[in-house]
Amino acid sequence: MIRRGLALLSLVSAPLWANEPAPELKLLSEHPVQGMSGGNLSGMAWCGDALWAVSDREDDVLYRLDTSVSPWQAEPERFEAGPPPNSGLPWGMRMRAWLSGHVRGGHLDFEGLSCDALGNRYVVSEAHAAVLRVSPAGTAEWLRLPESLVRQARASGMLWHFNALFEGIAVDPKAERMWLAAERERRGLLVMHRKQSSWQCTGGCVLMAQGGHQQPPAALGDTPLPRSFSALAYFNDKLFVLEPSAYRVCRRSPANGTVERCWSFAAEALTEERRYREPFGNAEALWIDAEGAWIGVDNNGKARGDGEKRPIVWRFAAPSGGWMARP
């Protein structure tokens with residue numbers, strides 16, 4: 001209750017800069033990705049000495065991105081996930097996910113990717129609200145998440161709509177804390193703490209939940225879009241959240257989800273040659289480091305303005321003053 005009250009207070013007492021235009025990030029390079037047979041780059045993280053990616057249309061593979069060639073080449077690493085645990089999602093929602101998996105591929109619907117200091121990779125299954133850990137050796141194991149996780153999220157208004165469940169994941173380097181992002185209607189952030197081999201809701205899992213709509217960048221017109229999250233990244237003890245419909249990256253508190261600073265990438269992403277026809281944002285993957293941000297685009301196999309149909313990874317420079325700078 002205390003955590004929820006603090007989260008509500010933070011929304012009421014939003015900083016004065018929150019309504020001002022977010023500073024624009026500078027695009028350094030963009031890279032088409034060749035070799036993701038299922039396409040649909042839905043998560044990305046730097047693990048060890050390489051950038052890795054995951055597709056939401058494939059249930060048994062992670063991709064190591066060879067960035068030494070052009071275009072970048074996706075090198076598959078296979079694993080066997082096994083049956084996911086029952087997370088408590090309603091039967092009807094699980095059936096819709098099963099049917100969707102048969103039609104489009106990807107029964108597990110992997111979204112988001114994160115790594116710990118030991119090189120373990122973590123991906124979240126949107127279809128089953130479950131988290132899979134893949135070791136450096138390629139062994140896969142479903143994590144023991146709190147039985148109350150889905151129940152708490154739904155009690156806060158999240159996870160009520162099909163294909164709008166957990167979309168992002170972040171793990172701290174010691175794998176002691178894990179955050180999940182609920183996508184939209186309502187969007188939100190949840191946190192768990194590891195105790196030996198299981199994860200627990202310490203004082204409640206829900207950090208924040210938020211509904212409503214927001215104005216997209218001017219280039220997309222004036223029709224409000226649902227507030228949404230599509231990826232999480234952990235850097236320097238802060239959470240960085242990708243907000244696709246607003247075309248921005250926001251730094252948030254890992255303790256209560258309060259937004260601290262935002263940066264836009266709309267000016268670069270919405271040029272005529274880079275735009276897709278969909279009104280919503282296609283950015284679904286995020287990784288932050290001291291030098292900048294990696295943002296991955298899940299284009300669902302559709303062509304953008306210049307005809308490019310492959311998944312795209314953008315490299316943006318860190319903002320002036322760094323990611324920890326105050327407004």
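**Disulfides and their strands**

A: In this predicted model, a search of the whole structure finds three disulfides. When the bonded cysteines of the protein are numbered in sequence order, they pair as 1-2, 3-4, 5-6. The three links are taken in turn below.

Cys-47 is joined to Cys-115 by a disulfide, with an S to S distance of 1.6 Å. Cys-47 lies in strand β2 (residues 41-47) and Cys-115 in strand β6 (residues 110-115), so this link ties together parts that are 68 residues apart in sequence.

Another disulfide connects Cys-201 and Cys-205, with 1.7 Å from S to S. The angle about the S-S bond of Cys-201 and Cys-205 is -85°, and the link is left-handed. Cys-205 has a relative accessibility of 0%, so Cys-205 counts as buried.

The remaining link is formed by Cys-250 and Cys-262, whose sulfur atoms are 2.0 Å apart. This pair links distant parts of the chain, 12 residues apart: Cys-250 is in strand β19 (residues 248-252), and Cys-262 is in strand β20. The link of Cys-250 and Cys-262 is right-handed, with 105° about the S-S bond. Cys-250 is buried, since its relative accessible area is 0%. Cys-262, at 6% relative accessibility, counts as buried as well.

In general, strands of a sheet pair through backbone hydrogen bonds, in either a parallel or an antiparallel manner. Here the sheet is open and has four strands in the order β17-β18-β19-β20, with antiparallel pairing. Its edge strands, each pairing on one side only, are β17 (231-235) and β20 (259-264). On average, and with direction ignored, neighbouring strands of this sheet are turned by 25° against each other. In that order β19 stands beside β20, and these are the strands that hold Cys-250 and Cys-262.

Definitions and conventions. Residues are numbered from 1 along each chain as its sequence is written. This is a predicted model: local features need pLDDT of at least 70, side-chain atom pairs count only at pLDDT 80 or more; totals for chains, interfaces and linings use all residues. Side-chain values use heavy atoms; hydrogens and water are left out. Two strands pair if DSSP finds at least two bridges between them. Helices (H or I, at least four residues) and strands (E, at least two) are DSSP runs, numbered from the N terminus. Axes are lines fitted to C-alpha atoms, for helices over the stretch in contact, and angles run from 0 to 180 degrees between N-to-C directions. A disulfide is a pair of cysteine sulfur atoms within 2.5 Å. Buried means under 20% relative accessible area, exposed over 50%, partly exposed in between (1.4 Å probe, protein chains only).
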